[in-house]
Amino acid sequence: MNSPEKETTENDVTEKPKPLSPEAAEMQYRDMIQKVARAIAQNRTDDVLPYLGKKYEAKHVEMFIDGNYDKRIDVLIRLMPFVSEDEDFDNFEELAMQFADSKQVRSYEGSTEECDAMLEWLEETQNLTLEQQDTVACQRARYEVEHQARANRSKHIRFQELVTVAVELLDQLGENDELTIHVNPAVSWSYLKSKKYLDEDENPPVSALHYADDDEVRTAMFEPAGQNLLDRLIDLAPCHFSQWAALADEIDPAELKEFAKGLTQLHLIAFS
C-alpha cells in the first residue's frame, strides 16, 4: 500500500536567505562597525562581546577602553594649549578627567569637537573668573578660525596669495575704481571682559578679532567704531572702496583709507 503523500504548506517551506548585494553587505558592515565604536565610546562592554573573536574576552575590551580614556585626556591637554598651559587653569588635567567622567565621547566626534565640548562644559559647570572666561573665549574663537580655514580652504589659500601683494596695491585704494577689496575669510570675534590680554592703556570690555595668517591664528583688538567699520566691510566684500565708503559715511574717506591701511598691515584685507 502506498503511503499517503504528505501535504506541504507554506509553513513547511523554509526559504534560504538571499545573498546580499555588495552594496548592501558594505552597508551592513558599516552599521556593525558604528555599533561597536559607539559601544566602546560609551563604555558598554557587553554590547561589544557578540562581535569579538573567540580568543577575546570582556577583559580585553575593558583594557582597550581604559587605554582610550588615557588617550582622551592626553588629546584634551595637547590640543588645548591656550587653556591647558594657562596659569589660570593650573588644575586643567583634573578638570579634563572630570569632563571625561561626566561626558561620554560620541563615536562620530573628532578631536576638535571633543575640545569644543569641554570648553562648553567648563562654561556650564565651573564658576570661571573673568580671566578664565577670556581664555576660554579666545580658545573657542581660535578653533572657529581653524574650522573656517579648513572648510573654505581654497578661499583661505587664495587670500594668503593676495596678501603677498596687498601693500603694493594699497596706494591705488580710492584711486583705482577697478581695485577690489577682499576680507580674510577665516575670522572670529570674541568679547574680552578682563585686562588679561589687553595693553596697559586698554580697558575692558574689548572686542578681539581672531584670524588666520598663513598657518597661524593671530588676534587684533578693536574699538567699537573700528569693529563696526570692519563688520560692514565683511558684509560687503568683495567690493570696491567707494561701496564701503558709501556705507561708512560717518568717517572721512581719507580716515577710512588710513583704517584700511592698518587692516592691510594686519593681513585682514587684501586687493585684486
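This report covers a pocket and the aromatic pairs of a predicted model.

## Second largest pocket

The second largest pocket has a volume of about 250 Å³. Its lining consists of Gln148, Lys155, Arg158, Phe159, His182, Val183, Asn184, Pro185, Val187, Ile234, Ala237 and Pro238. Two elements, α8 (153-169) and β1 (180-183), each give two or more residues to this lining. The largest contribution is that of α8, with 3 residues.

Sorted by class, the lining holds 7 nonpolar, 3 polar and 2 charged residues.

## Aromatic pair Trp189 and Phe222

The whole structure contains 6 aromatic pairs. In one of them, the ring centres of Trp189 and Phe222 are 5.6 Å apart and the planes stand at 75°, so the pair is edge-to-face. The two residues are 33 apart in the chain and link distant parts of it: Trp189 belongs to strand β2 (residues 187-192) and Phe222 to strand β4 (residues 216-222).

Trp189 is partly exposed, because its relative accessibility is 25%. Phe222 has a relative accessible area of 9%, so this residue counts as buried.

## Aromatic pair Phe241 and Trp244

Phe241 and Trp244 also pair edge-to-face, with 6.2 Å from centre to centre and 90° between the planes. Both lie in helix α10 (residues 241-247), and because they are 3 residues apart, about one helical turn separates them.

Phe241 is buried, with a relative accessible area of 10%. Trp244 is buried as well, at 0% relative accessibility.

How values were computed: Residues numbered from 1 in each chain as written. Predicted model: local features only at pLDDT ≥ 70, side-chain atom pairs only at ≥ 80, totals over all residues. Heavy atoms only, no water. 1 Å grid on protein atoms, 1.4 Å probe; cavity = no way out; pocket = protein on both sides within 12 Å on 5 of 7 lines; lining within 4 Å. Points joined across faces, edges and corners; volume = space filled by probe spheres on them. Helix = DSSP H or I, 4+ residues; strand = E, 2+ residues; numbered from the N terminus. Nonpolar A, V, L, I, M, F, W, Y, C, P; charged D, E, K, R; others polar. Phe/Tyr/Trp six-rings, centres within 6.5 Å; stacked < 30°, edge-to-face > 60°. Buried < 20%, exposed > 50% of the residue type's maximum accessible area, 1.4 Å probe, protein only.
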